[in-house]
Amino acid sequence: MSSPTDILAAVPFLIGFYPERSLVVIGLVGPAVRVTTRWDLPAESGALDGLLPLLKREQVTTVILIGYGPGSLVTAGVDEATRLLRTGGIKITESLRAADGRYWSYVCQRVACCPPEGVAYDPKASSIAAEAVVQGLVALPNRRSLERSVAPYQGKARVSMNRATDRAITSIRIALARGKPADIVADGIARVRTAIDVYAHGDRLNDDDAARLGLDLAIIRVRDEAWTLIDDRAAHLTLWRDLTRRLNPRHAAPAASLLAATAWRNGDCALATLALDRALTADPRYTMAVLLSRAIRNLLPPNVLRERMPTPEDLDREMGTPTMKWLSPLLTLLEEPSALAS
């Protein structure tokens, strides 16, 4: 990123969408981007307090600041970030404001290159944007587009999934009448692994399989199997985003939390936050979502949790033999009104 235009072209791909009314902080170690964070503007009181500890923890040496919006909105946020960074001895190599296709620099005072009326720019014309696309990165038009990417399906797709959910509930009730808790849990774990393989091969679960897996994930041991298996493959993001959108919204907390964990692992805190909103809307006390929300709110790096994740074998040793108590969250779902009534 050798120019303001390059920086402005890179930001949408670093955060996943073209920002508006935002403060973006890019932390670098040498020439490499180590961390990128974004806040809505105006920032709430104390919202930036975690910035300096985050940059210190990531051993960031230099920072680029970019504010999006009118000067009356952006300057206060940039000034606060600048104060914090100077307090921590972190160098600011560039500080920009961008609005309406023009940018202004807070560090450049030369009229020849930084005139009062700003400099016109086209982020899509930069080679940075072209390289990002070649590397498979995506920048959505705005945050609203990102919100829609995790929103529940409506219309015919919702009707079809509601019917599949009712069939899955009937199937589980039959299995509960015939099987043991260990069998129910084992079947759910097997479905998790099968689903990951399906998406890894570029395929998609049908409605019946998606609805059944959504119910299986209510069992903590089954959900944790999915959590421990998350790795760098794109299949996890595709799978959990798909289920977050397709499942009955009341059943979406586990899948949405898994989507958040995957996105956070990938450094996409914007998507992770939206996924957690979906999870906590479904269940405000859902423990996994609450845990991840606190971690992201405190600007913790994902490896803090990732390095402590157990393996499936660890889970088996720690949790022991499945009992009926394990199935309590699932049984609660089965007692809810029919999906077709929602």
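This is a predicted model: local features need pLDDT of at least 70, side-chain atom pairs count only at pLDDT 80 or more; totals for chains, interfaces and linings use all residues.

Is R221 buried or exposed? R221 is buried, with a relative accessible area of 3%, where buried means under 20% relative accessible area, exposed means over 50%, and partly exposed lies in between, computed with a 1.4 Å probe and the protein chains only.

Residues are numbered from 1 along each chain as its sequence is written, and side-chain values use heavy atoms, with hydrogens and water left out.

R221 forms a salt bridge with E225, and the closest N and O atoms are 2.8 Å apart; the term stands for a side-chain nitrogen of Lys or Arg within 4 Å of a carboxyl oxygen of Asp or Glu. The two residues are 4 apart in helix α9, so about one helical turn separates R221 from E225, and E225 counts as buried at 2% relative accessibility. Salt bridges that share partners join R193, R221, E225 and D316 into one network.

The side chains of R191 and D216 meet at 2.5 Å, N to O; because R191 lies in helix α7 and D216 in helix α8 (residues 207-216), the pair ties together parts that are 25 residues apart in sequence. In this pair R191 is partly exposed at 25% relative accessibility, whereas D216 is buried at 0%.

The other is between R144 and E20, with the closest N and O atoms 3.8 Å apart. This pair links distant parts of the chain, 124 residues apart, with R144 in helix α5 (residues 143-148) and E20 in the loop between α1 and β1. R144, at 45%, is partly exposed, and E20 is also partly exposed, at 44%.

Turning to packing, helix α7 (residues 181-200) and helix α9 (residues 220-229) pack at an angle of about 30°, with their axes 9 Å apart. They are therefore roughly parallel to each other, a label given to angles under 35 degrees.

Finally, on the surface, M1, L14 and V33 form a nonpolar patch with about 210 Å² of accessible area together; patch residues have over 30% relative accessible area and no salt bridge, with like charges joined within 9 Å and nonpolar side chains (Val, Leu, Ile, Met, Phe, Trp, Tyr) within 5 Å.

How values were computed. Accessible areas come from the Shrake-Rupley method with a 1.4 Å probe; for residues, only the protein chains shown count as cover. Axes are lines fitted to C-alpha atoms, for helices over the stretch in contact, and angles run from 0 to 180 degrees between N-to-C directions. Angles under 35 degrees count as roughly parallel, over 145 as roughly antiparallel, 65 to 115 as roughly perpendicular and the rest as oblique.
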